[in-house]
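Please open the model in your viewer and keep the selection tool at hand, for this tour moves from one selection to the next.

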Amino acid sequence: MKMTLTEKILARASEVSHVIPGDSAMVSVDILMTHDVCGPGTIGVFKREFGEDARVWDPEKLVIIPDHYIFTSDSRSNRNVDILREFVADQGVRYFYDVIDDGGVWRFDPNKSLALPQYGEQYAGVCHIALPEKGHTRPGEVLVGTDSHTCTAGAFGEFATGIGNTDAAFVMGTGRILLRIPETMYFRLVGELSGGVMAKDIILHIIGDIGFDGATYKAMQFGGEGVAAMSMEDRMTVANMGVEAGAKNAVFEADARTHAFVDAAAQANGTVRPYETIEPDVGARYVYESTVDLSSLEPTVAMHPDPSQRTTAHACRDVKLDRAYIGSCTGGKTGDFEAFARVVRGKRVVIDTFGVPATPQVVRELKATENGGRSAWDVLVEAGVNMTVSAGCAACLGGPSDTFGRLNEPLSCISTTNRNFPGRMGHPDARIHLASPYTVAASALAGHIADPRDYLE
Amino acid sequence: MDDTIVGKVYVVGDNIDTDQIIPAEYLSLVPTIPQEYQQLGTYALRGLPADQYPQRLMEPESVRSDYTVIIAGRNFGCGSSREHAPIALGAAGIRIVIAESFARIFFRNCVATGELYPIESQYRLCDDFRTGDRVEVNLTASQLRTDGSVAMFPLKPLGEVEEVVAAGGLFAYARRKGWVQQPAVVS
């Protein structure tokens, strides 16, 4: 019985020799991740169902990363971080990336400068970027999290999917989750991206092809010789938006680059744990197969109001904009900001432009990279980008009204983020267009949607 | 499983995502805190654009919707994994969503929480019904009927997850299966 990568991972994690799509399997979980928005509710269900004195199945396998509503004066949001802290102390959870280092309670000070971090050494920022940075993603494993973009971790050759609070509470108590084995769609990536085209363009292109529900209930598997040239960040960007096509998970086959990244992150953070890479069987059955020639892709835009409204940046270059935004688990990584900086270096943005690095590590890397005496951070600030060191999810999902970069008016915005449904970034009548960091940067310089190839030397 | 659900329908189109079901600014409410559960209900479907949906699911100040059934198009509940979404609808008094199709995590969260029946229709219904229509849903027979009419609209059976919904959600089902031994804490 030949199996796809997802089938093989789930078969091993449920201790059976093989699985077929449609089967239900009780799967052992290697990592459960939760955050400040869904963690308190998950803890509530856990205590209600397993008892006030119940213990987490494995305090080494639960990773808690506050990241959503951190830099806000909303008192309930601050309280939710405190609920996580209390639970962690009570349960002896090992991996809690708290906002503050000294315990106590978390309160945000809105009067402090955006240039000054209000977080301590432990704070890790956006969970999907922090998980690999801190060495919690490993090939062959099963990672579930209370966030739909948990599928990002599939970039590391593992099964990763988003779940709700109730399912997460079940995992918290038992270490297991009942999953239906998904059918797998296979995307063979060939060729190399041409200048001005990024990983974001690959996934926007694919979602445009198959539709916003084109992968519902299914696994998306990415392979082919085009993958080798893709950085781990590129693979994360592609896997991240699998859920925007409805996918249960998105997964890349692990290669030498994957192992190098995973091993280095684990070494650096003291999270080394043995893992066993899984490869898909030759001759596995896929419900859909397509070949994507990366060299044929162009800078792509998903127009308001959903991620499948695909067009090219060139074709919609007259669309006027009020705002540009770079950030989130999709487009807030170091490479995303470096690409943005490449376009705006020495120029000025003409519309309000906000930049929110995904993690404190991204902030450090941007401030460190020197190119001609200026760090990428300097280049962005000098180009007029409103940069904050308060790494987190920020305005990608709107959030409380005082969230940095939030669309509080019905503006037209271009963004490196992942969703553009009505109201996603705040105001229900705001229009959001999704694009790569290159395209967002070029558009910020132009004041309308622009093709980055016209701005890159 | 309750056999029949009777009430007024609220009709929405395709691709109603979780931000429209419960806007992100309300996600700081914790569903397991009873007062905040109730508050989530007051914001149910608050994110629907006002120009397309002049009739709202929730009247200002009300904690209970006039509607019991939602009829939707394709891909209802797409977007985030927030369990706040089915919970907000359930807290508002919605008992069933009948959609042409559902996004995966939303469907699963309906089943796991036992808040709502997520039922797919055999045919697209959102163009044939109007908000305020009275309907009767027969879950056993998988049929939807307009009040006072004999015309039946076929629904798809819940399939393998029916057992979970019938038990009242994931934990009730897990106890029945012997996967969870502890009794639930009654608040």
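Begin with Asp53(A) in this predicted model: with a relative accessibility of 71%, Asp53(A) counts as exposed because the cut-off for that class is over 50%.

Next, display the open sheet of chain A, in which 5 strands run in the order E4-E3-E2-E5-E6 with parallel pairing. Strand E4 (95-96) and strand E6 (159-162) of chain A stand at the edges with a single partner strand each, so one side of each has no neighbour in the sheet. Further in, select strand E2 (residues 31-34) and strand E5 (residues 142-145) of chain A, which pair in the parallel sense over 3 bridges; there, Met33(A) has Gly145(A) in E5(A) as its bridge partner.

Turn now to the backbone. Most residues other than glycine have a negative phi, and most peptide bonds are trans. The peptide bond from His304(A) to Pro305(A), however, is cis, with omega near 10 degrees, and Pro305(A) is found in the loop between strand E12 (300-302) and strand E13 (310-312) of chain A. In chain B, select Leu45(B), whose phi is positive, near 60 degrees, and then Glu61(B), whose phi is also positive, near 75 degrees. Leu45(B) lies in the loop between helix H2 (34-42) and strand E2 (67-72) of chain B, and Glu61(B) likewise lies in the loop between H2 and E2 of chain B. Leu45(B) is buried, at 3% relative accessible area, whereas Glu61(B) is exposed, at 81%.

Which side chain meets Asp167(A) in a salt bridge? Select Arg108(B), for which the N to O distance is 2.6 Å; Asp167(A) lies in helix H5 (residues 165-174) of chain A and Arg108(B) in helix H4 (residues 104-113) of chain B, so the pair joins two chains. Both Asp167(A) and Arg108(B) are buried.

Within chain A, go to Glu244(A) and Arg419(A), whose side chains meet in a salt bridge at 2.4 Å, N to O. Both lie in loops, Glu244(A) between helix H7 (232-240) and strand E10 (249-252) and Arg419(A) between strand E19 (412-415) and strand E20 (431-434), so the pair ties together parts that are 175 residues apart in sequence. Glu244(A) is buried at 4% relative accessible area, and Arg419(A) is buried at 1%.

Terms used:
Residues numbered from 1 in each chain as written. Chains lettered and ligands numbered in written order. Predicted model: local features only at pLDDT ≥ 70, side-chain atom pairs only at ≥ 80, totals over all residues. Heavy atoms only, no water. Buried < 20%, exposed > 50% of the residue type's maximum accessible area, 1.4 Å probe, protein only. Pairing = 2+ DSSP bridges. Helix = DSSP H or I, 4+ residues; strand = E, 2+ residues; numbered from the N terminus. Salt bridge = Lys/Arg side-chain N within 4 Å of Asp/Glu carboxyl O.
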